[in-house]
Amino acid sequence: MACIYGDIMKVGTTGASKKTAEQDKLSVTGVEASKKLAEHDLARMEKYKTKIINVGRAKQMDPAVIAAIISRESRAGAILKDGWGDHGNGFGLMQVDKRYHTPVGAWDSEQHLTQATEILIGFIKEIKGKFAKWSQEQCFKGGISAYNAGVKNVQTYEHVDDHTTGHDYGNDVVARAQWFKSKGY
């Protein structure tokens, strides 16, 4: 399955911050923490695997990245109430923000995953336009950070996560994606 937005395995990452790692009371931080967080979500993630792979194939997006965003945003659905999170603003597994988008489909549907993946792709393309000199992999990570914080809040590659939740969103998602890739996503 070819991802036209870059090779997630070639994206450098520092992984999860202490704040993010504390969600699961982890004593480790960084890539190790991201792997553990993803591992804690794996059993729940399995029930969405077919949908994730279908959407990845249809949108030419790495399914591991979709799984990693689901892990980061909703802990594979575990923190949602009737499909909603973020104080009633985020919808579905990938937390489409109703303040900026009209959510489609059921919270755990292929339709929802398609919409959220299209939003991610839009951000990757906007980052590519904003930072013409960035490599494909840098734009990929920048787009992932923008999925959380918006394009205007991605200002330099070195500080790609300065304005993201936990100041680690892009790095954490990349590390989780690399782990999910090793699990067949």
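Q: Which helix does Thr20 lie in?
A: In this predicted model, Thr20 lies in helix α1, which spans residues 18-21.

Q: Buried or exposed, that Thr20?
A: Thr20 counts as buried, because its relative accessibility is 3% and the cut-off for buried is under 20%.

Q: And what is Thr20 in contact with, leaving aside its neighbours within four places in sequence?
A: With those neighbours left aside, Thr20 is in contact with Leu37, Arg72, Gly166, Asp168, Asp172 and Arg176.

Q: Where is Ser34, and is Ser34 buried or exposed?
A: Ser34 has its place in helix α2, and at 0% relative accessibility Ser34 counts as buried.

Q: OK, helix pairs now. How do the axes of α2 and α7 cross?
A: The axes of α2 and helix α7 (residues 169-181) come within 8 Å and cross at roughly 55°, and the two helices are therefore oblique to each other. In this crossing, α2 passes α7 in a right-handed sense.

Q: Which residues make the contact there?
A: On the α2 side the contact is made by Val31, Ser34, Lys35, Leu37, Ala38, Glu39, Asp41, Leu42 and Met45, and on the α7 side by Asp172, Ala175, Arg176, Trp179 and Phe180. By class, the residues in the contact of α2 with α7 are eight nonpolar, one polar and five charged.

Q: What about α6 and α7, at what angle do their axes cross?
A: The axes of α6 and α7 cross at roughly 120° and come within 8 Å, so α6 and α7 are oblique to each other, and their crossing is right-handed.

Q: Which residues meet in that one?
A: Lys141, Ile144, Ser145, Tyr147 and Asn148 in α6 meet Tyr169, Gly170, Asn171, Val173 and Val174 in α7. The residues of this contact of α6 with α7 divide into five nonpolar, four polar and one charged.

Q: And α5 with α6, how do their axes cross?
A: Helix α5 (residues 110-130) and helix α6 (residues 136-149) have axes that come within 8 Å and cross at roughly 125°, and the pair is therefore oblique. The crossing in which α5 passes α6 is right-handed.

Q: Who makes the contact, and how many of each class?
A: From α5 the contributors are Ala116, Ile119, Leu120, Phe123, Ile124, Ile127 and Lys128, while from α6 they are Gln136, Cys139, Phe140, Gly142, Gly143, Ile144, Ala146 and Tyr147. By class, the contact of α5 with α6 has eleven nonpolar residues, three polar ones and one charged one.

Q: Switching to α3: which of its residues are buried?
A: The buried residues of α3 are Lys49, Ile52, Val55 and Gly56. They cover an arc of only 135° around the axis, which puts them on the same side of α3.

Q: What do they pack against, and what does the face turned away carry?
A: The buried residues of α3 pack against α2 (30-45), α4 (63-74) and α5, whereas the face turned away from the buried side carries the exposed residues Thr50, Arg57 and Ala58.

Q: Tell me about Ile52, what does it touch?
A: Not counting residues up to four places away in sequence, Ile52 touches Met45, Pro63, Ile66, Ala67, Ile70, Leu113 and Tyr185. Ile52 lies in helix α3 (residues 49-59) and is buried, with a relative accessible area of 0%.

Q: Last topic, backbone. Which residue with positive phi follows α3?
A: α3 is followed by Gln60, whose phi is positive and near 55°.

Q: What are the phi values of Ala76 and Asp82?
A: Ala76 is a residue other than glycine with a positive phi near 55°, and Asp82, although not a glycine, has a positive phi of about 50°.

Q: Where do they sit, and is each buried or exposed?
A: Ala76 has its place in the loop between α4 and β1 (84-85), and Asp82 is found in the loop between α4 and β1 as well. Ala76 is buried, with a relative accessible area of 1%, whereas Asp82 is exposed, with a relative accessible area of 74%.

Methods: Residues are numbered from 1 along each chain as its sequence is written. This is a predicted model: local features need pLDDT of at least 70, side-chain atom pairs count only at pLDDT 80 or more; totals for chains, interfaces and linings use all residues. Side-chain values use heavy atoms; hydrogens and water are left out. Helices (H or I, at least four residues) and strands (E, at least two) are DSSP runs, numbered from the N terminus. Buried means under 20% relative accessible area, exposed over 50%, partly exposed in between (1.4 Å probe, protein chains only). Contact means heavy atoms within 4.5 Å. Axes are lines fitted to C-alpha atoms, for helices over the stretch in contact, and angles run from 0 to 180 degrees between N-to-C directions. Angles under 35 degrees count as roughly parallel, over 145 as roughly antiparallel, 65 to 115 as roughly perpendicular and the rest as oblique. A crossing is left-handed if the near helix is turned anticlockwise from the far one by less than a right angle, and right-handed if clockwise. Ala, Val, Leu, Ile, Met, Phe, Trp, Tyr, Cys and Pro count as nonpolar, Asp, Glu, Lys and Arg as charged, and the others, Gly among them, as polar. The arc is that of the directions from the helix axis to the C-beta atoms.
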